[in-house]
Amino acid sequence: MPVEMRKDLFADERDDNLNEVGKPTQRQDMVGHVTGRSPFYDDHLFDGLCHIRCVRSPHHNARIRRIDTSAAEKMPGVLRVVTGADVPGNLNTLLSLRDFGLDDEPLLHTEHCNYRGAPVVAIIADTERQAREACAAVRVDYEVLPHVLDVEEAIAPRAPVVNPPYPDNLFVYHGKYNHQKLRFGDVEAGFAEADHVIEKRYQMSPIEQAPMETCGAIAAPETNNRFVCYTSTQGLFFSLGTAAKLLDVSSARLHFIGGTVGGGFGGKVDSLHEPLAILGTMLTGRPVKYQFDRAEEMQVGAPRGAERWYIKTGTMADGRIVAMQLKGYFDAGATTRLSSYAIVKCVGHLPGPYTIPHVYADVYCVYTNRTPATAMRGFGITGVDYSVESHLDVVAHELGLNPIEFRIMNAYRDGDMKAHRRVAKNCALIECCQVAAEKAGVKLAPHLQEMASMTGGGEGARGQIPNYTALDEHGRVEGFARQSYGGGDKATPMDEFIRPMPAPQPARPVEPARAPVPQPQPAATPVPSGATPRQPEPSLEPAGAPPPASPPDERRRSPRRFSSVSGMRRR
Amino acid sequence: MARKKPIQFVHNGSDKAVFVDEGENLLDVLRRGVGDLTPKYGCGQGTCGACTVIIDGAPRLACLTLAETIEGQSVETVAGLAGGQLSPVQEAFMAHFAAQCGYCTSGMLMSATALLRDNPRPTRDEVVEAISGNLCRCTGYEAIIAAVMTASGQQAA
């Protein structure tokens, strides 16, 4: 297919002496694909391969009273019936590898199933059919509990508790906030000066990645007490670490082989298959395959989560957006997986690629009794972009403006201060809109046709953090960290921020202590203004809310628990 | 011990004899019995086309074909498509970037090959119809359609 390169744009910013960009280059795996020889995980044959099938909860929310596997154990071909008691460390959260959030998901559920399809028992049998037949013979006695499938119902008073580590059905950030917060300027002042204030609600559905190859893994015994695992994972080392944690073995004993993924789109990072396949091999000594069938892929495979957005904009008659307020609810489903991180990414992205003087956002990671959500192609961004752009179309329509012109008017430019307090650079929205208008046959007003991302950005207030940002303590959670974040019963006020010293591990040398890193400072100093009250310091919340002072020697010994929103500081 | 049934068939031009379980599907027999890993499992219920093979000249879904029913028949897979060199359809798939993850590609190639043997100069609509049982999640199909048109010696557009 022909690729159109608009080399006229940003010509002096680019070295045009490129030898790969701008011309087709054959994929290195293409010959393998067209000859059917690309090695997907399932394309490895093992003598004596056995199969795992899972007994899954048919209820959205239920307590497990009793599991009776006695009949299944006697079925032909059954090698082993596995329950949560067989999993050495049967509780995890994916981002615990980055020390972010509480363990909230068992590999096999033992007491409580919080979504339909939650795995309760895994059966290893000689053939897949025998494993299926044995699954049908397992009796699980459930006490069905009320469930909640809507994000706003889930956070209403007296809603059923979906995910017990988070009893309010909200992920808790930094051990103290039940949402991610963005405050930039004063939206109320913006709405007061605006000519038009428009508020709308937007709802996205969950979207299944639906890869052609369903998720799966094959594990087999290797020499020297190691295990090999062929997997469809998109995150090989992520899955390796997750399996090592759940199985409580050194990752040095796990030999992961991946690489050729039959479509992932983000949906193959959840590391559900590798630990169970390896555990099956540990328990039986046989090569074991655990593969979603198509029905499981669609029902249990984690989708892009649904999002609900309320967006309110204040716009001047000439089309300038002066204020945007967003309230977002991400439907994480029953467990956290990666939704907490998606929201961090989302809030850093708000209010989209526009320069707006007053921005306000509260974004919640809500638990419901739906299938846990995970990564998919730009997750955290896609849903809110759909909502923001839909909203801008609505506003443009109601104001009688051309939607492309409306976007050019409000587009950010190089040098503008973004709402999360970083200066915009390498902007290209204006040029994209101009090309889109040209392709669509839309004639732009001459001054908009002449506008450019590289001129006029950062001028005056555009380049500054507002002198005044309206703050609040709304959403602060009291007492949560003490109970839960790694502190246990020896908690002290410091435990919110200080990770306990890890137990000595002979296999792994203790990392050298790191000195605390200074908090980030805004790039630009606010310019005093008579019109708005001056604050001593611009708010960095939530990106850099400084922790209470702790004794320096204590800090030097222990790494900080959360040094930035994602738990990792850019160094 | 479960009773096995012997079957004999022609696999990419070579005689094959295997024992199959009652009710075992052709996909499992090809992959695990014969060791031909080119047909893929995508759904096991005849909706995705990743397991498409050519049986006695016609494209068929291996996952829905009972292995014992192919006695004496000819089964062709991607493993038999390239002789000393790639077939024109394979060449065209490469030239048009008609594969991304590659998982649907085996089935697509077999559907396209069966079409072009039957109808060497298909219209675009006939190409679309021929691959309508093959799902692809990556490409958006246009590159695949263009590849099949090119393989038939026609303009891709």
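In chain B, five strands form an open sheet in the order S2-S1-S5-S3-S4, with mixed pairing. Strand S2 (14-21) and strand S4 (58-61) of chain B are at the edges with a single partner strand each, so one side of each is left without a neighbour in the sheet. The model described here is predicted. In this model, 36 residues of chain A are in contact with 33 residues of chain B.

- Strand S1 (residues 4-11) of chain B is joined to S2(B) by eight bridges, and the two strands run antiparallel.
- Within this pair, B:Phe9 stands opposite B:Lys16, which belongs to S2(B).
- Helix H3 (residues 105-118) of chain B packs on the sheet and touches strand S3 (52-55), S4 and strand S5 (74-76) of chain B.
- The direction of helix H3 of chain B makes about 35 degrees with that of S3(B).
- As background, the strands of a sheet pair through backbone hydrogen bonds, either parallel or antiparallel.

**A five-strand sheet in chain A**

- Chain A has an open sheet of five strands in the order S7-S15-S14-S13-S8, with mixed pairing.
- Its edge strands are strand S7 (180-184) and strand S8 (196-203) of chain A, and each of them pairs on one side only.
- The twist in this sheet averages 5 degrees from one strand to the next.
- Five bridges connect S7(A) with strand S15 (residues 358-367) of chain A, and the pairing is antiparallel.
- A:Lys181 has A:Asp362 of S15(A) opposite it.
- Helix H9 (residues 339-349) of chain A packs on this sheet, where it touches S7, strand S13 (307-315), strand S14 (321-333) and S15 of chain A.
- Between the direction of helix H9 of chain A and that of S15(A), the angle is about 170 degrees.

**The interface between chain A and chain B**

- About 2,700 Å² is buried between chain A and chain B, and carbon and sulfur atoms give 61% of this area.
- Which three residues supply more than any other three of the area that chain A buries against chain B? They are A:Val34, A:Leu45 and A:Met212, which supply 25% of that area.
- Three salt bridges are counted between chain A and chain B.
- A salt bridge is formed between the side chains of B:Lys40 and A:Asp43, with an N to O distance of 2.6 Å.
- Eleven residue pairs are in polar contact across the interface of chain A and chain B.
- On the side of chain A that touches chain B, helix H1 (residues 30-34) of chain A gives the most, with four residues.
- By class, this side of chain A has 16 nonpolar, eleven polar and nine charged residues.

- Over all chains, the count comes to 39 salt bridges.
- In general, side chains of opposite charge can pair when their charged atoms come close.
- The side chains of A:Arg63 and A:Glu143 form a salt bridge at 3.4 Å, N to O.
- A:Arg63 lies in strand S2 (residues 62-68) of chain A and A:Glu143 in strand S6 (residues 139-144) of chain A, so this pair ties together parts that are 80 residues apart in sequence.
- The strands S2(A) and S6(A) also pair directly, in the antiparallel sense and over six bridges.
- A:Ile64 has A:Tyr142 as its bridge partner in S6(A).
- S2(A) pairs as well with strand S4 (residues 112-113) of chain A, in the antiparallel sense over two bridges.
- The bridge partner of A:Arg63 in S4(A) is A:His112.

**Two features of the backbone of chain A**

- Where in chain A does A:Pro351 lie? A:Pro351 is in the loop between H9 and S15 of chain A.
- The peptide bond that joins A:Leu350 and A:Pro351 is cis, with omega about 0 degrees.
- A:Arg158 has a phi near 65 degrees, which is a positive value in a residue other than glycine.
- A:Arg158 is placed in the loop between helix H4 (151-154) and S7 of chain A.

Note on methods
Residues numbered from 1 in each chain as written. Chains lettered and ligands numbered in written order. Predicted model: local features only at pLDDT ≥ 70, side-chain atom pairs only at ≥ 80, totals over all residues. Heavy atoms only, no water. Contact = heavy atoms within 4.5 Å. Buried area = accessible area lost by both parts, 1.4 Å probe. Salt bridge = Lys/Arg side-chain N within 4 Å of Asp/Glu carboxyl O. Polar contact = N/O pair within 3.5 Å; in protein donor to acceptor, adjacent residues only side chain to side chain. Nonpolar A, V, L, I, M, F, W, Y, C, P; charged D, E, K, R; others polar. Pairing = 2+ DSSP bridges. Axes fitted to C-alpha atoms, helices over the stretch in contact; angles between N-to-C directions.
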